[in-house]
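Dear colleague,

Please find below the structure that I am handing over to you. My notes on its salt bridges follow.

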Amino acid sequence: MGRLNRRSTDALIFLIFLVFFASLTSAWKKDEFRSCRQTPFCKRARGRAPNSLPSFSVADVSLSDGAVSARLVPAPTLRQVTDDDPSAADGDDASSRSLLLRLSVYRGGILRLEIDEDPSSAPTTKRRFRLPDVLLPSLDDRRLWLSRLSSDGPSATSFFLADGFEGVLRHDPFEIVVRRAGSGGVPVLSLNSHGLFDFEQLRAKKDDENWEENFRSHTDSRPHGPQSISFDVSFHGADFVYGIPEHASTSLSLRPTRGPGVDESEPYRLFNLDVFEYLHDSPFGIYGSIPFMLSHGTRSTSGFFWLNAAEMQIDVLAPGWDDPAAPNAGRVDTFWMTEAGVVDAFFFVGPGPKDVLRQYASVTGTQAMPQEFAVAYHQCRWNYRDEEDVAAVDAGFDEHDIPYDVLWLDIDHADGKRYFTWDRVLFPNPEEMQKKLAAKGRHMVTIVDPHIKRDDSFYLHKEATEKGYYVKDASGKDFDGWCWPGSSSYPDMLNPEIREWWAEKFSLKEYVGSTPSLYIWNDMNEPSVFNGPEVTMPRDAIHMGDVEHRELHNAYGYYFHMATSNGLLKRGNGKDRPFVLSRAIFAGSQRYGAIWTGDNSADWDHLRVSVPMILNLGLAGMSFSGADVGGFFGNPEIDLLVRWYQLGAYYPFFRAHAHHDTRRREPWLFGEQNTALMREAIHTRYSLLPYYYTLFREAAVTGIPVMRPLWLEFPSDKETYDNGEAFLVGSSLLVHGIYEKDQKSASVYLPSGASWFNLRSGVKFDGGVSHKLAVSEDSIPSFQRAGTIIPRKDRFRRSSTQMVNDPYTLVIALNGSLAAEGELYIDDGKSYDFVQGAYIHRRFIFADRKLTSIDIRPSNAGDKKFSTDCTVERIILLGLPSGAKKAVVEPGNHETNIELGPLTLRRGSTPVALTIRKPNVRVADDWSLRIL
Ligand code: NOJ
């Protein structure tokens, strides 16, 4: 088809689309998405009362291969067959077959429970799906070989779990308990304490049975029938539970969804969906699913992870849900339901919050270390129209003295939404365009979605078709669904061969018009299918090995992200850290890059909800996340936009983005005063880049997130447990958003056990108190914790890459003992040389009026070295009693004056802190500085 023809066809498709999409605009109101009641497995499971099911008992407990193995034997079924519960059909042996159970223990306080059907008695050839590729391969090396089982009373078996913890398998009825060893065996976590365990076993279909399910106009053929699993999990000693992202909820903790005091409400749904204009406060599933929940309270912190990528629904049960007369205190009960798969679950014993995060990270991995540029500011819009537009936006940043690092191109840059191609009318010289940006140290990101346009003249489609690489529909044909390019098919990312093929597409040779400074955005990878049930792929679509889409739905986007990230890794011969932003996520996505919270709206509620969303993502391993600054849909009022920049500057992933229907909103379009405010917010982020990069290193090593709920650092301060308005960046910086228009004051709780210095005024505030603070338009409340040292770079450049050789500023906030500590991590910002030791890691310690810089890079870090000539140009001291005049630097015995200087980057800001200028020490060296 000629160019013109193709363009007009595209225009037509786009028109059809607009109409289609307009009909989706109020999707929620029109029940586009299923509620629990409309989801038979959820309705069935939720309808059961505690202890109403035939129970399972444990038999044949033994040690095999260093793990506990046993059979779960169901009691004879008394369950009635009802329309709602076809699984109870009698005459079938499914409910009398025993299940196989295995309990394994991993170093560091982790118990794994696996329950599956017994293949030797299976009546069908179908095997339940076990999701590969998520658990770290190194997990096997961490398994502890159990050599002894003890009996725990007449009908329970106990075994060693970790120092101070043991696991217990109760026999009749079946129950798993993780408890503290000795001292009365205080429980930490338990499963099936309320007898809600149920496992619908696969069985042969009877002639008169119909397993189909219908939702709106869609029919799900369900060829393998009911196969859901459900059970209760109790978190003992807990006041709140958190995690299981992704949901849009304004509360940090997960609110109860059932029980006394809870109005009719939905469970938290984990089902990756392209939810158009998602609500700001709802338990419905959106783009990502991480089935990891953690609990916290004054007495205990623990975690639970269920490795299962089928649709999941989770109830948080209010105290008294089981017995209103005896509400449970100091325990949170939860109820987990899934449509398919197996039980492969992990219990994390803590005991501290960071222990739980490390335990989870040892199972699913830590955040991939990003390139330094990716931690800086990103400018996106659907769409930057053409090369002139790109050049003008790029120049606009320079003219207005605003740094940025990455310019993004959305779907319209490609020729008819054929990703990996360019619309050559709009982008005739993509390589040159990228090179121009690269010359200023900037990067570009283009979008590559999983839907491939079904166009025989499109090489990608031809190849995928010929090789049989597409997901199949229930009839065995290539699945054909509707997405941005119109009729589309989706590569089967479960298949490693197809992922390899996909990865090759990112080579500079295959991705024509790409250059090494181009990185990738994976969108719509839930996957989004506009004409599919709930805007996604039908559950009976087929993947490699006859795996039904229902069994791996929540991991499709994960695999797509993985394949893309590996593509960039290959492109750079394993030397260039990939940057791939993904919308859909699953447990482990942190290993492949960054994510964002999708299509938010330009309103104050969405600004507010961004904080608990990012915090819960971080708790579930996804450190590198952020929300679209300004809101994707709609036109933000200017004060909202400014507040969003001020808050977004602290998100781990900092990007502005907007829908094509919105007015342009580059930060200089709203008058000089507002430009100055947004510039200052972005400058704040750039000055803090060394601190952020150091925190990303911590996240990459330990799994502790960059952006943290207050309770993670102050676990015994109850006031912090449900605070979703404020957060910590690392352990040293506290930020509180301003979430209302014309807000003149804010009530800011500062955690107890520390004092806090206002980042702008230098004024010290007590912790353990809610402070009513006046709020001005120029900043949001932010504080440095006393006792910490934050490294900054305060010279403004065009992009982070141009700051590489700039000198550092250290901001020292002293505690009551006039002491403080902080860290700085530096590497080349882009390669993997750090794995072989090519990095600098310093700890700064201030005590006894002396600041010392020590090397904390372990001696066995590797043979490669990294060096830098960067110096420290300024040291700012907060909380030092006045009178200090001089500092002496060693080695060299060099004296330098101490003066009063400003604390912030604001031009013309007043001097409020003691400042040591030009101590002239190299950041890589050992040195000390004594205050006289
Ligand atoms: C949906 C994404 O969430 C949004 O960010 C993007 O701009 C559009 N798709 C178009 O690609």
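A salt bridge here is a side-chain nitrogen of Lys or Arg within 4 Å of a carboxyl oxygen of Asp or Glu. Asp-828 and Arg-577 form such a contact, with their closest N and O atoms 3.5 Å apart. This pair joins distant parts of the chain, 251 residues apart: Asp-828 lies in the loop between strand S47 (820–826) and strand S48 (840–847), while Arg-577 lies in the loop between helix H9 (556–571) and strand S32 (580–582). Asp-828 is partly exposed, at 29% relative accessible area, whereas Arg-577 is buried, at 0%. Please note that the model is predicted.

A second pair consists of Arg-664 and Asp-389, whose side chains meet in a salt bridge of 2.9 Å, N to O. Arg-664 is partly exposed, with a relative accessible area of 25%; Asp-389 is buried, with 5%.

The side chains of Arg-112 and Glu-114 also form a salt bridge, at 3.8 Å from N to O. Because buried means under 20% relative accessible area, Arg-112 counts as buried at 10%, and Glu-114 counts as buried at 12%.

In total, the structure holds 83 salt bridges. A network of salt bridges links a set of residues including Arg-34, Glu-213, Asp-220, Arg-222, Glu-534 and Arg-550.

Yours sincerely

Conventions:
Residues numbered from 1 in each chain as written. Predicted model: local features only at pLDDT ≥ 70, side-chain atom pairs only at ≥ 80, totals over all residues. Heavy atoms only, no water. Buried < 20%, exposed > 50% of the residue type's maximum accessible area, 1.4 Å probe, protein only. Helix = DSSP H or I, 4+ residues; strand = E, 2+ residues; numbered from the N terminus.
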